[in-house]
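Please take the sequence and the structure together, and follow the description below from one part of the fold to the next.

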Amino acid sequence: MTQAAPLIRLEGVTKRFGPLLANDAVSLSFYEGEVLALLGENGAGKSTLSKILFGMVKIDEGQMFVSGQPVRFRSPADAIAHGVGFVSQHFSLVPTFTVAENVVLGREGSAVLTRGKLERRVGNLSERFGLGLEPGQLVGELSVGEQQRVEILKALCGRCRLLILDEPTAVLTPQDTARFFGVLRTLQEQGVSVVIITHKLGEVMAISQRVAVLRLGRLVGERVTHETSEAELAHLMVGRDTAQVTRPARSAPATAPTKVTPLLRVADLHYSDRGRTRIGGVSFDLHAGEVVGIAGVAGNGQSELVAVLTGMLKPDAGVVALSGEQVADFTPNTFLARGVGRIPEDRFRGIVGELSVAENLLLEQLSSFTRAGHLDRRALKRKAETMITAYGIKARPNDRARTLSGGNVQKIILARALARDPKVVIAAQPTRGLDVGATAYVQGKLLEQAARGAGVLLVSDDLDEILRLSDRILVMFRGGLSGSFSAGEADADTLGLRMAGRAEPEEAHVPA
Amino acid sequence: MELLIALLGGTLRISTPILLAALGETIIERAGILNLGIEGTLLLSAFSGFVVAQLSGSLWLGLGAAVLTGVLLGLLMGFLSVTLKLNQHVAGLGITLLASGLALYAFRLLYGGSSTPPALEGSFTQFQPLHGTPLGPLFRQYGLTYLALLLVPLTGWLLTRTAFGLRLRAVGENPEAADIAGVNVAAVRYRALALGGALMGLAGAFLSLAQLGAFAHGMVSGRGWVAIALVIFGHWQPSKVLGGALLFGFLQALQLRLQAEGVNLPYEALLALPYLVTILILALTGRNTAYPKALLKPYYREGA
């Protein structure tokens with residue numbers, strides 16, 4: 001690679017948040033027409049670094065240069081003016097605006113807007129970069145992949161020369177991801193410098209030319225992509241060798257569980273919210289010792305399914321049976337009492353931040369620590385201490401739960417859900433946002449439950465996790481099941497197609 | 001027919017202050033701020049308009065004072081809810097209490113406890129473009145009424161067809177998106193509050209300088225709250241807000257007429273009629289999802 005003068009250069013950039021050192025003397029250059037992958041675990045300082053580049057976080061120490069000139073960004077407006085664009089993981093779009101309105105927001109070009117002119121301008125730009133967007137369409141009606149392209153278009157409209165993409169493929173189906181990679185190549189051809197923030201090694205290898213690895217705020221390595229390997233990068237990222245958790249190879253379901261009563265049976269389940277179908281006729285069984293994975297792009301009814309199966313929502317129609325007994329009363333208590341342990345999707349909503357760790361751990365069984373309406377705090381604390389040790393939670397029983405890290409909060413939730421040896425474990429996005437170590441721990445615990453004889457329903461957006469842990473995989477699409485596979489039968493591509501609602505690639509070409 | 005035209009003329013007159021206030025509130029709410037200071041803003045601007053007009057002898061100076069009062073109270077709301085990021089309900093109600101108290105206190109200071117409130121020597125007069133024709137009573141309106149009607153499409157145009165309106169709506173729907181696009185969220189909200197406050201000031205001026213030509217304690221009598229209800233009823237769209245204001249004005253005009261005709265109903269029931277219908281319509285239009293998504297939410301830049 002011909003190393004011309006860098007477009008942007010960071011020198012000794014340091015940023016502290018209180019006692020936390022988010023970036024520690026990071027020096028890094030960004031070049032035109034190059035895709036740089038910024039790799040690191042959660043909390044490694046990738047996000048902070050990208051926010052510094054985009055003027056959302058101010059530098060404590062160090063310098064930043066754009067085309068050799070020292071600059072100091074006070075706000076995103078400064079960064080935009082210097083040609084930096086940012087596409088966050090959480091899209092910052094206005095759903096009630098059209099594509100064109102979203103794109104021109106903040107750089108309208110004139111005080112009075114002419115709709116036709118705006119839409120032509122945005123349409124032309126979309127065409128030039130091959131984004132395939134309809135400028136007059138409402139953003140709220142677009143798919144996640146399209147919304148992401150709107151974000152990219154927004155950045156390009158600001159004449160950006162450095163485009164930062166934060167976990168760009170986290171929410172995409174494999175097919176959308178392929179399309180996204182195509183867009184990246186066009187950007188590169190047009191001389192845009194691209195920074196991809198990610199912790200997916202495969203992605204790094206596939207699209208980047210250079211990799212910078214961050215660990216605990218420090219830049220621990222810079223590699224040319226084709227001269228490194230996934231193993232080396234993983235080692236740099238984690239600082240130790242990691243082993244991924246995978247389901248034990250089991251003899252295929254020879255114990256054909258046809259006669260055995262399933263621990264959980266769902267039959268023709270329906271639920272709709274304000275006229276929109278969320279669950280439309282879902283049926284499946286969950287047997288003892290089995291992990292059933294539910295894959296799907298977020299928002300296809302998985303959250304509602306979990307809510308029904310934990311008693312948070314009452315279905316409109318259909319049957320839910322636990323160990324053969326039909327559930328009549330959809331309340332969380334019913335499901336708890338019948339041996340359902342749940343790991344909620346949003347772990348911070350699963351705990352009460354102002355309560356102590358001990359209270360949170362035993363929230364579901366407070367009644368057994370109550371005598372004559374009085375809570376036996378000492379017994380509570382003793383029990384909590386054993387759980388804290390057993391699950392390796394880094395906290396004391398009396399700490400406020402809100403002060404804990406995401407990984408430790410998830411351990412509290414695991415400990416609570418698994419404490420009473422549930423027959424059925426409903427795990428929704430159990431490792432979302434956790435680092436490699438915590439993820440492995442949580443996944444190991446889930447497999448342990450299955451080995452103990454519980455049935456585990458694993459709902460996850462992480463296809464890789466589903467593939468590694470599940471005995472059977474169901475795919476949800478628009479509230480229904482669009483596919484069912486046993487382990488080994490499915491791969492990411494087939495699942496991806498089902499997640500997009502297509503059975504086979506050929507089907508799209510079959511004339512109606 | 002004559003009766004109907006008189007009724008419609010009354011409708012327009014009665015709708016005017018509510019329409020002006022509701023348009024102001026629409027602009028403010030589209031930027032993500034619920035301004036419950038509206039009721040007090042109406043009273044204090046009616047008062048300041050009245051006092052300045054009386055002392056200076058100029059109705060136009062009075063009008064300017066009323067508008068200025070509205071703007072300043074809007075900026076105060078901005079300071080509390082945008083800069084200090086206080087709860088908007090509390091800040092707004094606080095402003096209503098403060099402004100109302102201030103108006104009544106200053107009124108006492110200036111005019112003592114006289115039971116007959118001082119009136120202006122002359123108040124704004126009405127235009128009479130079609131005088132003598134059957135439609136005369138319909139068009140015999142104050143200039144502010146014509147202005148209010150003109151402001152309906154103008155507000156709609158401002159919100160949907162200008163860069164300022166685009167930014168304002170973005171700030172009210174997703175301030176983070178606006179911020180990332182380089183829009184100064186606080187500045188846009190302050191401007192919306194000042195502009196909306198100016199319209200509320202006009203509404204206050206209409207009450208004291210045109211309709212009544214005097215100032216009295218209870219002269220606003222809940223018009224601010226009705227305006228807020230109309231903004232919801234009107235789905236935050238100026239044209240629909242106009243519809244609501246006209247409906248309310250019509251019911252009010254009708255009940256006044258019925259009272260005058262001596263209908264055999266307790267007059268309290270007639271007085272309550274427009275408000276009851278407002279509540280009924282709000283209840284019937286049901287859950288409304290058109291609200292600006294950032295309404296009531298102070299904007300914090302993440303990590304700042």
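This is a predicted model: local features need pLDDT of at least 70, side-chain atom pairs count only at pLDDT 80 or more; totals for chains, interfaces and linings use all residues.

Another part of chain A holds a hairpin, made by β1(A) and β2(A) with 2 residues between them, and in its turn G18(A) has a positive phi of about 60 degrees. The two strands, β1 (residues 8–17) and β2 (residues 20–30) of chain A, run antiparallel and are joined by 7 bridges, with K15(A) standing opposite N23(A) of β2(A).

Further along chain A, 6 strands form an open sheet in the order β16-β19-β20-β13-β21-β22, and here too the pairing is mixed. Because β16 (340–343) and β22 (480–486) of chain A stand at the edges and have a single partner strand each, one side of each is left without a neighbour in the sheet. The twist from one strand to the next averages 15 degrees. Inside this sheet, β13 (residues 291–295) and β20 (residues 455–459) of chain A run parallel and share 4 bridges, and V292(A) stands opposite L457(A) in β20(A). Helix α14 (residues 436–452) of chain A lies across β13, β16, β19 (424–428) and β20, running at about 150 degrees to β20(A). Helix α16 (residues 492–499) of chain A also packs on the sheet, where it touches β21 (472–477) and β22 and makes an angle of about 30 degrees with the direction of β21(A).

One residue of chain A can be followed in detail: is D285(A) buried or exposed? D285(A) is placed in strand β12 (residues 276–286) of chain A, and it counts as buried because its relative accessibility is 19%, where the cut-off for buried is under 20%. Its side chain is joined to that of R265(A) by a polar contact of 2.7 Å. Beyond its neighbours within four places in sequence, the residues in contact with D285(A) include P262(A), L264(A), V292(A) and R472(A).

Finally, chain A meets chain B in a contact that takes 26 residues from chain A and 24 residues from chain B. About 2,200 Å² is buried between chain A and chain B, and carbon and sulfur atoms give 60% of that area. In chain A, M56(A), L105(A) and L113(A) lose the most area to chain B, together 23% of what that side buries. Across the interface there are 2 salt bridges, one of which links R167(B) with E108(A), whose closest N and O atoms are 2.7 Å apart. The elements giving two or more residues to this side of chain A are α2 (76–81) and α3 (99–104), and α2(A) gives the most, with 3 residues.

Methods. Residues are numbered from 1 along each chain as its sequence is written. Chains are lettered from A and ligands numbered from 1 in the order in which they are written. Side-chain values use heavy atoms; hydrogens and water are left out. Buried means under 20% relative accessible area, exposed over 50%, partly exposed in between (1.4 Å probe, protein chains only). A polar contact is a pair of N or O atoms within 3.5 Å; within protein, one must be able to donate a hydrogen and the other to accept it, and residues adjacent in sequence count only if both atoms are side-chain atoms. Contact means heavy atoms within 4.5 Å. Two strands pair if DSSP finds at least two bridges between them. Axes are lines fitted to C-alpha atoms, for helices over the stretch in contact, and angles run from 0 to 180 degrees between N-to-C directions. Buried area is the accessible area (1.4 Å probe) that two parts lose on being put together, summed over both. A salt bridge is a side-chain nitrogen of Lys or Arg within 4 Å of a carboxyl oxygen of Asp or Glu.
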